[in-house]
Amino acid sequence: MKRWLPLVFFIVLVGFFAKGLFLDPREVPSPFIGRQAPMFTLPLVGDANASFSPADMKGRVWMLNVWAPWCVSCRQEHGFLMQLAQARVIPIVGLNWKDKDREAEALLARIGSPYMAVPEDLDGRVGIDYGVTGTPETYIIDQAGIVRLKHIGPIGPEVWKDKFEPKLKELGA
Amino acid sequence: MIPELGHFALILALLLALTQSILPLVGAHRGNLTLMGVARPAAQGQFVFTALAFACLAYSFLTNDFSVENVARNSFSQLPEVYRFTATWGSHEGSLLLWVLILAFWSTAVSVFSRHLPEDMAARVIGVMGLISVGFLAFLLTTSNPFERLLPAAMDGNDMNPLLQDWGMIIHPPMLYMGYVGFAVAFAFAIAALLSGKMDVAWARWSRPWTTVAWAFLTLGIVLGSWWAYRELGWGGWWFWDPTENASFMPWLAGTALIHSLAVTEKRGAFKAWTVLLALVAFSLSLLGTFLVRSGVLSSVHAFATDPARGAFILGFLAVVIGGSLVLYAWRAPKMITGSGFTWFSRESLLLANNVILIAALGSVLLGTLYPLFMDAMGLGKISVGPPYFNAVFVPVMVPALFLMAIGPLVRWKEASLPDVATRLKWALAVALAIGLLLPLVLDGFNPWASLGFFLATWITLAVLAGFADRLKYGQGSLMHKLSSLPRGFWGMQLAHFGMAVGIAGIAVVANYQSERDVRMEPGSYAELAGYTFIFRGTTEHEGPNYRAARGTLEVSQNGKPVATLHPEKRTYNAGGMGMTEAAVHPNIFRDVYVAMGEQLEGQNDAWTVRLFYKPFINWLWFGALFMVIGGFLAASDKRYRIALRSREVPKHLAAQGA
């Protein structure tokens, strides 16, 4: 009997692994989901006298996209964001993160802007409040100002369909 | 065009791997020499085509072909050339291709260095290795094609993970895989022996050098990984009990047990079934490591691929390979009759104790690594198991093994006398106890953990010296002559054991006497740590090839004498905006002075948080591991394995002359 023990042990392990394949260890709830979006007031790119605050969006479902002119992956999702903006799917606010060389205004003038507002987070402090680790990162914030979704990395049609659309439907937007 | 060529080469490699496995295995079963003869050329052909595929992928990376998805995801036009090359195995697909390439390399090595083996044995070994190649090539081609095109092509790549842009990472994966995959040879030998039903001691002798070489590579791979983490993660730590580290450490523990039990099987014919099982387990754990890292079953810092389809494929493959081999083992186990007996105090019994302890340690690591998965799978919540568990369980389990490893080499096979050994080692024990107890008192007051470490390091070192003294008592000629005529197997073992002692000393010192400080620094300010004075001279903007950095300047001095000027960096990589800390280290034999930039403080001119570390004896760890690696290669190159090789060739040569 003893000689079968390694096999029995292994079969039990395989059972756990098979189960484990359908669990996502990374699905640890982000501390921001379900919480009030951190408040801030920042000047807008191109118009330092105007400012933006999440409070301005009260009553609407909107999307906060953290991006930077020096970020290549942001350029990658830019085209898709333009489509979203043109179809008026959801208002997009583009938090311009750590743009030390102040390139955002010229760049958006050249390639087009999908954003309704571009607040300027020069020192990255608002980014820290939102737990931004790199660009691009995108948040969905609901009517009551509560963060409902966080996505790390560029958005494309697939991610949009799998992750964003169901959430927006749920929020009735 | 080049990526398609690579894809095609990979398909041809799969076909050759099928040939390499099926024909020789059938031939060996039927005793058909023609079919068996296919094994070697098929294995070599498979290597050529796998290497071609790898070269094609490397070419795509080097030429920035962003129409290849793999390149677009993992490389970047501004990435320096050397990292574009290493990015070839920086991705999931690329690292699997490297895995397959190294497996093909080992198969080819076996095909070249197996002339002394009986034809059916060689055919079975190469055939079994071919089966493993088939599995991995099919996995690559069906779920992880590294040559997948991206239409339209990306403008630029997403960049390689900045953490991997370090030269430690250039050689770490190939070395680690040489070890992982090298255990496939021991596995194939064990399976071949089980298939043939001839469980004599010959297979132990044949697989011994292969196993030792694989073990040495794995040791090198693990220590390179640890060294990389130490320098690159900016925390000054060198081992994190991260699932991916454990995935490489578990095969190492099994492999260490295996090289010891192979010695018993070869010399005394004992532990046959156990040794076979260990050979199966060592490679199974390598496969398991691949599964754990590649499937995303466990979250980890470096598990960078999560895809259930891939996970399901590897799990299925794992079930077939490991499950199949364990069925074969259970079926053949009764055939394995253990050779001569031994008494409770003999080299056999000590090596058995070594094996039991190593396997218990392995079990503790396996349990800690998989525990979060068990809990999650049974719906008991998400937990993580961290260093406190591993330190509390693993260290005490290993202590007896480290104590016994000093005695083992000094004890005779079959039957030894305890009083005799005790007489020979009593001085060593007394000296080791004295050093263990007194050294911490001199350094910094009573410290049981430091005492334990110093005791074990001294004890093992003295036992190594006693081993040499034993061997040098007899024979004639000068000391140098006697030393150089000792067999390499002996040198290798003693060097590896000594390396362990050096490593333990390093761990004991660095774990108990390191110091660190987090300080706020602005230009002109200074901080002190462990007798060193650090003066901060501010930062300058620095433009790297694919990043921008704030580069700090710190002048380090001791007692007013300048020691070094260090330049730690805080980098921001252009492609993803990811921040990275590049630590600066001033090493010497007795300590590292290590500084890492923290964050820039708001509203102040060039004020930063800076992390200062004083790491005494940390380098002994790497030296100790290096001794083990060199010891392993020395032992594997021992003359007696080569004599076995020649004894078959000489008669053939003579026969040719006679004709």
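**Reading the two chains**

Mentor: Start with H18(B), which is mostly covered, as 20 of its 26 residues are buried. Buried means that 20 or more other C-beta atoms lie within 10 Å of the residue's own; exposed means 12 or fewer, partly exposed is in between, and C-beta atoms are placed from the backbone. The label comes from DSSP runs numbered from the N terminus, with helices being H or I of at least four residues and strands being E of at least two.

Trainee: What should I know about the model itself before going on?

Mentor: This is a predicted model, in which local features need pLDDT of at least 70 and side-chain atom pairs count only at pLDDT 80 or more, while totals for chains, interfaces and linings use all residues. Residues are numbered from 1 along each chain as its sequence is written, and chains are lettered from A and ligands numbered from 1 in the order in which they are written.

Trainee: How many helices and strands does chain A have, and what pattern do they follow along the sequence?

Mentor: Chain A has five helices and seven strands. Along the sequence they run α-β-β-β-α-β-α-β-α-β-β-α. With 173 residues, the globule rule gives chain A 16 Å, but its radius of gyration is 21 Å, well over that value, so chain A is more spread out than a compact globule. The radius is taken over C-alpha atoms, and the rule is 2.2 Å times the number of residues to the power 0.38. The C-alpha atoms of chain A fill a box of roughly 80 × 35 × 30 Å along the principal axes. Of its 173 residues, 35% are buried.

Trainee: How do I read contacts by their distance in sequence?

Mentor: Two residues are in contact if their C-beta atoms, placed from the backbone, lie within 7 Å. Take the contacts between residues at least 6 apart in sequence: in chain A, 71% of them join residues at least 24 apart. In chain B the figure is 75%.

Trainee: How do I check the length of a helix?

Mentor: The expected span is 1.5 Å times one less than the number of residues. Helix H8 of chain B, residues 167-196, has 30 residues and reaches 45 Å from first C-alpha to last, close to the expected 44 Å. Of those 30 residues, 22 are buried, so H8(B) is largely enclosed by the rest of the structure. Just after H8(B), B:Gly197 has a positive phi of about 80 degrees. For H18(B), residues 488-513, the end C-alpha atoms are 37 Å apart, which agrees with the 38 Å that its 26 residues should span.

Trainee: At what angle do H3 and H6 of chain B pack?

Mentor: Axes are lines fitted to C-alpha atoms, for helices over the stretch in contact, and angles run from 0 to 180 degrees between N-to-C directions. H3(B), residues 39-62, and H6(B), residues 92-112, pack at about 150 degrees with their axes 8 Å apart. That makes the two roughly antiparallel, the class for angles over 145 degrees; under 35 is roughly parallel, 65 to 115 roughly perpendicular, and the rest oblique. The contact includes B:Phe47 and B:Phe54 in H3(B), and B:Leu97 and B:Phe105 in H6(B).

Trainee: Where is a positive phi found outside glycine, and is the residue buried or exposed?

Mentor: Most residues other than glycine have a negative phi. A:Lys98 has a positive phi near 50 degrees and sits in the loop between strand E4 and helix H3 of chain A. A:Lys98 counts as buried because it has 22 C-beta neighbours inside 10 Å. In chain B, B:Phe271 has a positive phi near 55 degrees. B:Phe271 lies in the loop between helices H10 and H11 of chain B and, with 24 C-beta neighbours inside 10 Å, counts as buried.
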